[in-house]
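Student: I have a chain open and would like to go through it piece by piece. Can we start with how burial is judged?

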Amino acid sequence: MRNLTALARQIHASAAPDGWSLDVLADLIAGAGANLIAPAVLFFALGAFAGWLKSDLNVPDQVAKTLALYLMLCIGFKGGVEAAAAGLSAQMLSAGGLGLAMSFAAPFLAFSVLRWISKLDRATAAATAAHYGSVSVVTFAAASEYLRAIGVEFGGYMIAVLALMETPAILAALVIVGGRAQSGDLGVKPHLWREVLLNGAALMLVGSFIIGVLTGERGMTRLEVFVGPLFQGALCLFLLEMGLVVSRRMAAAPRLNLGLVGFALIWPVLGALTALACARFLGLSLGDATLMAVLAASASYIAAPAAMRMALPQADAGIYVSLSLGVTFPFNLLVGIPLYYALARIVWG
């Protein structure tokens, strides 16, 4: 990591006065280096390493679920407090509208690409596409911490955008499959709508956000210790468990081929570029645009798998969970977040 930092300083020193691209490259290298030695990322690597070695290191399922709920409570509540302080703004409405549109449209494009580059059946391709239209709460949390660490401000209302982008992609996948259903085999089960709309993760996120809005700074004063200093430690423990899950899931994913892995690496970057272009057009700030790019580039591995297991049980979970959790999630965590920030800086000039 010291070598990366030294390289970044050398590029800064050699940059011409108008060499903004070299400055951005230097920042990207420095950002990637700082991100790679962040405690949360290192704990993720530790979990992946332990899983690869078949260690008996384990985080009990109930502990992992509790940590996930805690993280969503903190993210939602803090976002609500910040949104209450900022008030309703044009940027908030623009970001929310953009998030909804991208989350619903992305699965249709992803589905076409997946069917073109692979031999996935219709149900598995639609379920996979839904994961890439929905979003990852943990990736969002890591990106938020990254921006705070480098002093880039963003709107608290971005947590509301995150919540808005959870479910449209799942609905889009149902439209994709339902549109060609010839029999009850591919039909949508009625109770799925309850699962989608009352999904526990989304409900916790939205509920905490509303509580944050209603209680504002007064609520933050009471919960400051719970949602503040403890957050980083919980994130580290949760990512340790994620590393274990990723390494074990990848070892049991024999159907993954080069085309699908390439999709899981290239699609997020294309999504981020699209989000940045739209965010620039709408006049969002640099921090908001970076988080919008992260959301567009992330893939769900909590809400979408739960919904797809119920809606499309014939779809191969070994494909969509392995791609979203085993390929895209670590790529975004290790490389994607600083890359999207660097791209945002280029777009914002």
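Tutor: A residue counts as buried under 20% relative accessible area, as exposed over 50%, and as partly exposed in between. Keep in mind that this is a predicted model.

Student: Where does leucine 258 sit, and is leucine 258 buried or exposed?

Tutor: Leucine 258 belongs to helix α13, residues 258-282. Its relative accessibility is 74%, over the 50% cut-off, so leucine 258 counts as exposed.

Student: How far is leucine 258 from serine 118 in sequence and in space?

Tutor: They are 140 residues apart in sequence, and their C-alpha atoms are 9.7 Å apart in space.

Student: Zooming out, how many helices and strands does the chain have?

Tutor: There are 16 helices and zero strands. The chain has 349 residues, of which 51% count as buried.

Student: What share of the contacts links residues 24 or more positions apart?

Tutor: Such pairs make up 87% of the contacts that have a separation of 6 or more.

Student: Now packing. At what angle do α5 and α9 pack?

Tutor: Helix α5 (residues 90-117) and helix α9 (residues 168-178) pack at about 40°, and their axes are 8 Å apart.

Student: Left-handed or right-handed crossing?

Tutor: The crossing of α5 and α9 is right-handed.

Student: Which residues meet there?

Tutor: From α5 there are Leu100, Ser103, Phe104, Pro107, Phe108 and Phe111; from α9, Pro168, Ala169, Leu171, Ala172, Val175 and Ile176. By class, that contact has 11 nonpolar residues, one polar and no charged ones.

Student: Tell me about serine 103. Buried or exposed?

Tutor: Serine 103, in helix α5, has 0% relative accessibility and therefore counts as buried.

Student: And what does serine 103 touch?

Tutor: Leaving out residues up to four places away in sequence, serine 103 touches Gly133, Met165, Pro168 and Ala169.

Student: Next, α14. Why call it largely enclosed?

Tutor: Because 11 of the 12 residues of α14 are buried, the helix is largely enclosed by the rest of the structure. Among the buried ones are Asp288, Thr290 and Met292.

Student: What covers the buried residues of α14?

Tutor: The cover includes α5, α6 (122-133), α7, α8 (158-164), α13 and α16 (317-348).

Student: Switching to charges. How many salt bridges are there?

Tutor: The count comes to one salt bridge. Glutamate 145 pairs with arginine 148, and the closest N and O atoms are 3.0 Å apart.

Student: Where are glutamate 145 and arginine 148 placed?

Tutor: Both lie in helix α7 (residues 137-149), three residues apart, about one turn of the helix. An α-helix has 3.6 residues a turn, so residues three or four places apart point the same way.

Student: How accessible is arginine 148?

Tutor: Arginine 148 counts as partly exposed, at 37% relative accessibility.

Student: Last one, the backbone. What is the phi of lysine 54?

Tutor: Lysine 54 has a positive phi of about 60° although it is not a glycine. Most residues other than glycine have a negative phi.

Student: Where is lysine 54 found, and is lysine 54 buried or exposed?

Tutor: Lysine 54 is in the loop between α3 (39-52) and α4 (61-86). With 72% relative accessibility, lysine 54 counts as exposed.

Technical notes. Residues numbered from 1 in each chain as written. Predicted model: local features only at pLDDT ≥ 70, side-chain atom pairs only at ≥ 80, totals over all residues. Heavy atoms only, no water. Helix = DSSP H or I, 4+ residues; strand = E, 2+ residues; numbered from the N terminus. Buried < 20%, exposed > 50% of the residue type's maximum accessible area, 1.4 Å probe, protein only. Axes fitted to C-alpha atoms, helices over the stretch in contact; angles between N-to-C directions. Left-handed = near helix turned anticlockwise from the far one by under 90°. Contact = heavy atoms within 4.5 Å. Nonpolar A, V, L, I, M, F, W, Y, C, P; charged D, E, K, R; others polar. Salt bridge = Lys/Arg side-chain N within 4 Å of Asp/Glu carboxyl O.
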